[in-house]
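Subject: Structure handover

Hello,

Here is the structure you will be taking over. My notes on it follow below.

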Amino acid sequence: MIAYKENKMKKVIGLLLLLLCMAPVSDAQTIRNTNYSVVAKIDQDGTVRNSNHSVIAHISSDGVIRDSNQHYLGKIESDGDIRDHNHSYLGKVESNGTVRNRNNSYLGKVENDGTVRDSNHRVMGYAKGVPIRYAAVFFFFNFF
């Protein structure tokens, strides 16, 4: 009976390992320009890389943005406020993707499908699968 349980346990562990190996690995989130060329990728850990794969920044889970040397650049607040390295208010990303500057002027929008448009509704680029706030910081606030 003990040998049967051990054999069954080995099979279960083997199946779990097989499932883990087959689990899809998540791709980096990609930011593209108007020509659909890759300009940056954001890894799952928040590392931002340029098109040459060089690290240009890191966004932590609490919204802190640091450059490749870990210098504090700013923060994306949980309410959508964007602040620079001096904690000065730069603007806001609203829940619907609308982006405004510190004077509450409309800068543009990150649409649900990842299309990024300027204040004249022209396409600036694409950020499909990228969190709206990250795309807004990339395209409108020049942290990277």
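Which residue in E4 is the bridge partner of Thr47? The bridge partner of Thr47 is His58. Please keep in mind throughout that this is a predicted model.

Overall make-up

The chain has 144 residues, and 31% of them count as buried. It contains 12 strands and 2 helices. Read from the N terminus, the order of elements is α-β-β-β-β-β-β-β-β-β-β-β-β-α. The accessible surface of the chain is about 9,200 Å², and carbon and sulfur atoms hold 51% of that. Among contacts with a separation of 6 or more, 29% link residues 24 or more positions apart.

The barrel

The 12 strands close into a barrel with antiparallel pairing, in the order E1-E2-E3-E4-E5-E6-E7-E8-E9-E10-E11-E12. On average, neighbouring strands of this sheet are turned by 20° against each other, direction ignored. Helix H2, residues 132–140, packs on the sheet. The strands that H2 touches include E1 (29–33), E2 (38–42), E4 (55–59), E8 (89–93) and E10 (106–110). The direction of H2 makes about 135° with that of E10.

Strand pairs and hairpins

E2 pairs with E3 (residues 47–50) in the antiparallel sense, over 3 bridges. In this pair Ile42 stands opposite Val48 of E3. The hairpin of E2 and E3 has 4 residues between the strands, and Gly46 there takes a positive phi near 95°.

E6 (residues 72–76) and E7 (residues 81–84) run antiparallel and are joined by 3 bridges. Here Lys75 has Arg83 in E7 as its bridge partner. The loop between E6 and E7 holds Ser78. Is Ser78 buried or exposed? Ser78 has a relative accessible area of 69%, so it is exposed, the cut-off for that being over 50%.

The core and H2

How many residues does the largest nonpolar core have? That core has 25 residues, and the ones with the most contacts inside it are Ile31, Ile82, Val130, Phe140, Phe141 and Phe143. E2, E4, E8 and H2 are the elements that give two or more residues to this core. H2 gives the most, with 7 residues.

H2 is mostly covered, since 7 of its 9 residues are buried. The buried residues in H2 are Tyr134, Ala135, Ala136, Val137, Phe138, Phe139 and Phe140. After H2 comes Asn142, which has a positive phi near 50°.

Leaving aside neighbours within four places in sequence, Ile31 is in contact with residues including Val38, Val39, Ala40 and Ile42. Further along the chain, the contacts of Ile31 include Tyr126, Ala127 and Val130, together with Phe138 and Phe139. Of these, Phe138 and Phe139 are buried residues of H2.

Regards

Note on methods:
Residues numbered from 1 in each chain as written. Predicted model: local features only at pLDDT ≥ 70, side-chain atom pairs only at ≥ 80, totals over all residues. Heavy atoms only, no water. Pairing = 2+ DSSP bridges. Axes fitted to C-alpha atoms, helices over the stretch in contact; angles between N-to-C directions. Contact = heavy atoms within 4.5 Å. Core = buried A, V, L, I, M, F, W, Y, C linked by side-chain atoms within 4.5 Å. Buried < 20%, exposed > 50% of the residue type's maximum accessible area, 1.4 Å probe, protein only. Areas by Shrake-Rupley, 256 points an atom, 1.4 Å probe, with all protein chains shown as cover.
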